[in-house]
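The entries below follow the order in which I looked things up.

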Amino acid sequence: MVFLFNIFYQFGDSLAFLLLAAIGLAVIFGMMKIINLAHGEFITVGAYGTVVSGKVFNLPLPIAMAFGVIVTIIFGLILEKLVIRYLYGRPLDSVVATWGISLIVSQSFLVIFGPSYEGLQTPMGNFQLGEFSYSEYRIFLIFFALFILFLLYYLFMKTSFGTLARATIENPSISSSMGVDVKNVYTATFAIGAGLAGLTGALYAPTMTIVPSIGQAFIVSAFITVVTAGASPFVGLVPAAAFLGMVQTSVTFYYKSTIGLIAILCAVILIIRYLPNGFSGLILKTKSK
Amino acid sequence: MKKIISLLFASMLLFISNANAGSHSGTIKLGILEDETGNFAIAVVPKIHAYELAVKEINANGGVLGKKLEIVRYDTQSDNRRFQEFANRLIKKDKVDVVFGAFSSASRESIRGIMEKNKMLYFYNNQYEGGVCSKTTFMTGAVPEQQFSTLVPWMMEKYGKNVYTIAADYNFGQISAEWVRQIVKENGGNMVGEEFIPLDVSQYSQTIQKIQKAKPDVLMTLLVGAKQASFYEQQASAGLGIPMATSINVGQAYEHRRFAPPALENMYVTVNYIQEVHEVIKSGEFHDKSKDYVDRFRALYPDEPYINMESANAYNAIYMYAKAVEKAGTTDTMKVVSALESGISQDGPSGVVTMDPKSHHGSHTIFLVRVGKDHEVTIPKIWKDIKPYWLGDNGCDLANKADYSQYTPSNPPKK
Amino acid sequence: MKSSYKKNKLQIITFLILGSLPLFIDSYYLDNFSYFMCWTFISLGLAVIWGMGGILSFGQTAFFGLAGYGFSVISINFLGVAGVSLWSIILALMLTGVFGLIVGYFLFYGGIYDVFIGIVTLAITLVLETFMQQTAGPEYTIGEARLNGFNGMQGMPIIGFENIPFGLVEGVTQYYFILILSILVLISLYKFKSSKMGLIFLASKEDRDRVSSLGHNVQKIQLIGFTIASVLAGISGILYTNWGSYITPDSMGLVSAALPVVYVAASGKKDFFSVFIGCIFFVWLSQTLAVNGKQFAIIVMGLILVIATRFFPDGIILMLKNKLIEKVKWLQS
């Protein structure tokens, strides 16, 4: 029993990280097809928004986190109006532009806040089970990540806004001819993606060192999870994160972290090769059978 | 619109392409290559200020050989390629007389070859994994035999013989772990586990579980960089509760000031200096020297977040160079090397530091620092004049035999 | 011959100027320029697969590192053997080419396209970097050559040709070595572009299926283009290693992988000459910014990239080149 819980904790922790790293990018890259190399910076904005407001205004943590998310949404909106809207339909150009944005943002943070900022303490406590002790917050993150994903799935797959958004992104000209304000749909969707990335930064901020490059820790995981999820990101994200998390946790358990990292990268290569539509393609195919 | 942008663009280029103004002759030029920006900036900026402080003081006292010292410095942006580019610039364009700098071992190694090829005197002023035996290079930072041979036996005596190491999975971490293994064995202890973690990892739940399973008395944490430093907050929130020991943290990037307590509770570090020395030690030699240094430092840089141990090394390096040049009567590299090999000492922020002629490394006062529950600092023990014995004992004798290599415990200089 | 002279007046003038540069500038600037030129080959490789074939690969730096390390390992192990430099270069490039073939085969014959190629090649590059970073231990020694992990590898001999005066590829010799190599590579690439294979490759960017239905083996041509790119990246790797006598896993990291993409996109990926000049310009720019701009250097670099994509999507250098030819009538053919 203790052993099972231990496995659940390690695996769930890895799953939560992959999921939360990927959610913002799933909207912006998975849905809108913008290769956002500044994804890490959205996370950084969310993290700094949380920590700075928490320290300067002495806000309780959940309010500080909400503040972080709002700041990221505003940041995303500004970016969308200035740069991103010229990149729709040009995925490869978005690489260069978002890389430039990433440089500007990360360096600006360095100039404004210095190389390091005082961090926050992880909320909640810990408890003992057998010979191991566990952080309650990290268990909370596992459930919260799944909850957020469920919300997103519902939003984009079941509500009329979600259907509208997906349809518009897939075929903007038809949507436009039906009277949809395409620009606003894009802007709103991008803002949601930005806000989600900000949420990731806010959630993980109390557990990591607050440096301008904090977002960099998420970016590779985010991309590989979104790509593994496949064409329909909200269907495939959980299975993708679960699979990759399992690979990484088990390989690291038997060998070492470096091999675990290499294993997860190799897993992605194989998935892209043999499952070109990712996990969502696999699920939808089996469903339709 | 496009025209305006192009015009702005062109003028921006014109503006930035104006190179630095020419420097004065009749000065001694000190080249400095340090990471003012980038991942390593936190620990490096105090070094840069320490160089500037030392130069200012020496110039106020008449300079060296009647000439003023002049700094030519480039920001290497924590990027090895910049180190290479600017090393060449310092040597060939600015024609400096000596080079100081580098934080990570990789950046040091990326330029050491260039320095040696051009017979440029080079001071590396940072702690590292040890083993560099190079005729034209001098190391003022602490090395494993100074930091671990003091720290590990003390921890084992206080807390128990079972030791677990987590280390960054690259040269510095691997070699430091090798040292720990060796010292634990020599002192009759048990390595109950070792884990090597790549530099990019920031999530440690699995690592923490593995540590708990092994039930060590002492946890050696040889973690490098901001991502790996996240371990401390995560282990505290998981309630790990094992005394930690390290040679890397606190002394360089002042984690005890930056992380919310009690992330670093019960952490022990061996450093060759930190700014708290005179706050903790209320009187005596170390108190006076530390306070004097910090006062002068803050007079010039009142907003310095933290005056770390590498700043003391940087400061001492400039003074030692100045002394050696005075002694040699010239800035010619090989003559200054000989002067440095004649037993130069510097009475600096942490007491007397002596340059070992055999290995070109500095001896150090080692302070054992303990971080408490609210991240307050105490100093349970001080070791005076710990010599960098390993290279000399194992065949590196630069005063008599030139060499340009780096050795490790598993690859010592051949006798 | 006369017609190709007419068409390429700008290129010829540029290389005449570059060829006479050593007469006017001193050794530091020359070495620095050689350094800038090292990076042109990896960028040209990317211009081949991305500019011509529409295939965005983040894997160029993997081949860069592979060739750099391969060159170092071979030349360290056969130190002193006659012709070691030439053989190290040839063997390292062959090794890189073979890897290019393997990766390319996996990609194109495995049906991987578009953005997925970027992800897969990035993953391969990161795997290589992660692995190489931890090879610090003594067990990671190939013959006499210790890989030395994160701290990087040193001690490889400078490329040299025995019994020739000025045979050591450093200083002025290095400059001309790289310059002549650049000219040869550019001429070859232009020939490739106008060859039958090149035209098919260009067409495959527009519509893969249509080209394929006309009977051409699209995958084979993409594989060839990819391999050419990998060998070019390898040339950069070897030249860089020779320049600084040093190679490190850093050169295969996330930032390093993105740099060629950025240089090529901002220069004008469709034109080889623009990429050549643009790469030199952007490496120079980022260095100059670092010297003068300190804190703001990276911000300015980012701004330039954003402005370039926003206002000059075909590439700044290409746009400038076209404007120059437009204004200076004599340059036109």
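**Entry 1: chain C against chain B.** I began with polar contacts, counted as pairs of N or O atoms within 3.5 Å, where within protein one must be able to donate a hydrogen and the other to accept it, and residues adjacent in sequence count only if both atoms are side-chain atoms. Between chain C and chain B I found 15 residue pairs in polar contact, with both residues at pLDDT 80 or more. I then asked which helices of chain C supply at least two residues each of the side that touches chain B. They are helix 3 (27-38), helix 11 (218-244), helix 12 (254-267), helix 13 (272-292) and helix 14 (297-311). Helices here are DSSP runs of H or I with at least four residues, strands are runs of E with at least two, and both are numbered from the N terminus. Helix 13 of chain C gives the largest share of this side, 10 residues. For the classes, Ala, Val, Leu, Ile, Met, Phe, Trp, Tyr, Cys and Pro count as nonpolar, Asp, Glu, Lys and Arg as charged, and the others, Gly among them, as polar.

**Entry 2: basis of the values.** The model is predicted, so I noted that local features need pLDDT of at least 70 and side-chain atom pairs count only at pLDDT 80 or more, whereas totals for chains, interfaces and linings use all residues. Residues are numbered from 1 along each chain as its sequence is written, chains are lettered from A and ligands numbered from 1 in the order in which they are written, and side-chain values use heavy atoms, with hydrogens and water left out.

**Entry 3: extent of the C–B contact.** With contact taken as heavy atoms within 4.5 Å, chain C contributes 49 residues and chain B 47 residues. The area buried between chain C and chain B is about 4200 Å², and carbon and sulfur atoms give 57% of this area. Buried area is the accessible area (1.4 Å probe) that two parts lose on being put together, summed over both.

**Entry 4: salt bridges.** I used the rule of a side-chain nitrogen of Lys or Arg within 4 Å of a carboxyl oxygen of Asp or Glu. How many salt bridges link chain C and chain B? The count is one. B:Lys92 pairs with C:Asp31, their closest N and O atoms being 2.7 Å apart. Over all chains the rule gives 28 salt bridges. The B:Lys92 to C:Asp31 pair runs from helix 3 (residues 80-93) of chain B to helix 3 of chain C.

**Entry 5: chain A against chain C.** Here 35 residues of chain A are in contact with 38 residues of chain C. The two chains bury about 3300 Å² between them, 82% of it on carbon and sulfur atoms. I counted zero salt bridges between chain A and chain C, and three residue pairs in polar contact (both at pLDDT 80 or more). On the side of chain A that touches chain C, helix 4, helix 9 and helix 11 (257-274) of chain A each supply at least two residues. The largest share, 13 residues, comes from helix 4 of chain A. By class, this side of chain A has 26 nonpolar, five polar and four charged residues.

**Entry 6: the largest pocket.** On a 1 Å grid over the protein atoms alone, a pocket is an open set of points with protein on both sides within 12 Å along at least five of seven lines, a cavity is a set where a 1.4 Å probe fits but cannot get out, and lining residues have an atom within 4 Å of a point. Grid points are joined across faces, edges and corners, and a volume is the space filled by probe spheres set on the points. The largest pocket has a volume of about 1000 Å³. Its lining has 37 residues, with A:Pro91, A:Leu92, C:Tyr113, C:Asp114 and C:Val115 nearest the centre.

**Entry 7: the second largest cavity.** The structure holds nine cavities of 30 Å³ or more. The second largest cavity contains about 200 Å³ of space. Of its 17 lining residues, A:Ile35, A:Leu37, A:Phe223, C:Phe58 and C:Leu122 lie nearest the centre.
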